[in-house]
Amino acid sequence: MSNKFYFFFLAIFLIGSCSDETTTSAIWVQPSVDTTWQIQLSGTVNTEYNVGLYDIDLFDVSTAKIAGLKARGIIVICYFSGGSYEDWRSDESSFSAVDLGNELDGWEGENWLDITSARVRAVMLTRLDLAKAKGCDGVDPDNMNGYDNDTGFDLTAAEQLAYNIFMANAAHSRGLAVGLKNDLDQVAELVSYFDFQVNEQCYQYDECSLLFPFIAAGKPVFNIEYNAAIVSDPTDLCADAASWSFRSLVMPLLLDDTSRTSCD
């Protein structure tokens with residue numbers, strides 16, 4: 001189906017003040033529940049998919065490539081980690097050693113961040129400024145559920161909520177849409193602040209019902225599954241995704257476009 005049959009809505013919101021973000025009004029893209037999508041976070045981005053939205057790496061993808069996607073009417077969401085330090089990023093020296101917690105299991109060179117740190121929040125505001133400057137329509141901040149992991153910090157659910165709301169308000173104040181990455185246990189409290197959900201493996205772990213509030217609010221759920229059994233036979237996943245109005249992809253863990261199955 002041609003991209004002209006996909007549409008998105010513009011929403012106008014009054015953004016409340018949060019931390020060092022001032023109150024302002026802004027307009028940003030709101031993807032619709034039926035928006036099709038592609039995500040690629042490593043390797044040279046394959047721009048040939050006929051979808052309504054691309055989720056791509058903020059640091060690695062050029063401004064020209066973002067502009068090229070947008071010229072085709074594609075919504076461009078820029079990924080970065082909002083809750084972890086990555087030692088290969090160009091701004092890694094902006095963090096202090098005291099901001100870094102335990103390593104993320106299975107991800108070399110990546111550590112959990114102290115999301116209560118003013119310095120960490122300042123780095124994230126700079127990343128949002130970069131997303132705006134590069135022409136991204138929105139952002140996909142990852143690792144936004146540190147409180148539910150072994151971070152090395154005593155993070156509470158309340159601190160995680162405050163940080164996630166800070167990130168959402170900061171994105172919106174810059175005219176950027178923002179997705180909630182996972183953090184399923186706080187969906188009910190956060191759905192009104194975020195414009196879409198980017199989920200990993202809710203089907204594998206039988207958690208997808210926790211994301212229904214996004215669909216009920218008219219906001220899309222972009223789901224990725226990695227499990228080998230689902231890769232070999234996505235029939236049940238795709239049937240359920242259709243009934244739930246989820247946009248589900250079966251992908252390799254590295255999200256490098258070496259394989260892709262779409263339920264759409």
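**Salt bridges in the predicted model**

Analyst: D99 has 2% relative accessibility, so D99 counts as buried (buried is under 20% relative accessible area, exposed over 50%, partly exposed in between, with a 1.4 Å probe and protein chains only). This is a predicted model: local features need pLDDT of at least 70, side-chain atom pairs count only at pLDDT 80 or more, and totals for chains, interfaces and linings use all residues. Residues are numbered from 1 along each chain as its sequence is written, and side-chain values use heavy atoms, with hydrogens and water left out.

The structure holds ten salt bridges (a side-chain nitrogen of Lys or Arg within 4 Å of a carboxyl oxygen of Asp or Glu). One of them joins D99 to R119, with the closest N and O atoms 2.7 Å apart. D99 lies in the loop between β6 and β7 and R119 in helix α2 (residues 118-134), so the pair ties together parts 20 residues apart in sequence. Helices (H or I, at least four residues) and strands (E, at least two) are DSSP runs, numbered from the N terminus. R119 is at 37% relative accessibility and therefore counts as partly exposed.

D140 pairs with K181; their closest N and O atoms are 3.4 Å apart. This bridge links distant parts of the chain: D140 is in strand β9 (residues 138-142) and K181 in strand β10 (residues 177-181), 41 residues apart. D140 is at 0% relative accessibility, so it counts as buried. K181, at 2%, counts as buried too.

Salt bridges with shared partners also join D57, D60, E86 and R89 into one network. Within it, R89 bridges D57 at 2.8 Å between the closest N and O atoms. Both R89 and D57 are buried.
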